[in-house]
Amino acid sequence: MNSVIIVAGGKGLRMGSEIPKQFLLLKSEPVIMHTIRVFYNWDNNCEIILVLPSSQQSYWQLLVNQYDFEIPVKITTGGKTRFESVKNGLQKSSGDIIGIHDGVRPLVSEKTIKKCYEISKSHGNAIPCVPIADSLRIVKNGKNQMIDRSKCFRIQTPQVFKRSIILKGFEQKFTKEFTDDASVVEKIGETIQLVDGNEENIKITKPFDLKIAEVFLEEAQSFKLSKK
């Protein structure tokens, strides 16, 4: 069985909204529902675990009723850190291959998901990434210098792992080095496997991101209609 832990603990502060960003409307539906649906469409037997703060769980249930959302989802409570939230999600999971995905990345492609799960099954883990097009500079001691962008990548989710590997990783105590799940697994000596992600798999954190996501979603829907 495949599992995915969808972490959705955002508060929407950078959005300037009182509504948490995962619940903001993207087209005609909350962002988080788009995110859940893409995993369900890829594998309708996938175990979907949604990690939410306890203060948001009743609101989620209201949205489920309002939008007649029928995709089966297991709910668990988030922790003070993302590390704790993922750990709580892992305790609910039963899959042999487990993905961990940001709730506000609704435009991950089924192709990216499939590739990550397949590579993880054969190599232990798979982390989607995309090349960086912008020039980069690093600042040290008040001075800056160029970085070779060909050696740098933007990391995305889902970050996918064999069950035994990710469980071992989360037996460790939290440190500030753990900026994502790949860094947790790397700490126990695993070699990280980078795979191609999809450019439109953006993380929605600001109002501009939501507008961009709407454009991507419209294009994807138009493409599907043209194929019929």
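A: Buried means under 20% relative accessible area, exposed means over 50%, and partly exposed lies in between (1.4 Å probe, protein chains only). By that rule, 45% of the 228 residues of the protein chain count as buried. This is a predicted model, in which local features need pLDDT of at least 70 and side-chain atom pairs count only at pLDDT 80 or more, while totals for chains, interfaces and linings use all residues. Residues are numbered from 1 along each chain as its sequence is written, and side-chain values use heavy atoms, with hydrogens and water left out.

Q: How many helices and strands does the protein chain have?
A: The protein chain has 7 helices and 12 strands. These are DSSP runs numbered from the N terminus, with helices (H or I) of at least four residues and strands (E) of at least two.

Q: Now the charges: how many salt bridges does the structure hold?
A: The structure holds 8 salt bridges, each being a side-chain nitrogen of Lys or Arg within 4 Å of a carboxyl oxygen of Asp or Glu.

Q: Which side chain does R37 meet in a salt bridge?
A: R37 meets E29, at 2.5 Å from N to O. E29 is buried, with a relative accessible area of 11%, whereas R37 is partly exposed at 29%.

Q: What about D181, and where does its partner R82 lie?
A: The side chains of D181 and R82 form a salt bridge at 3.0 Å, N to O. The pair links distant parts of the chain, with D181 in helix α6 (residues 181-186) and R82 in helix α3 (residues 82-92), 99 residues apart. D181 is buried, at 2% relative accessible area, and R82 is partly exposed, at 29%.

Q: What does K187 pair with?
A: K187 meets E177 in a salt bridge at 3.4 Å, N to O. K187 is in the loop between α6 and β12 (194-196), and E177 is in the loop between α5 (163-169) and α6, 10 residues away. K187 is partly exposed, with a relative accessible area of 45%.

Q: Which residues do shared partners join into one network?
A: Salt bridges that share partners connect R82, D102, R105 and D181 into one network.
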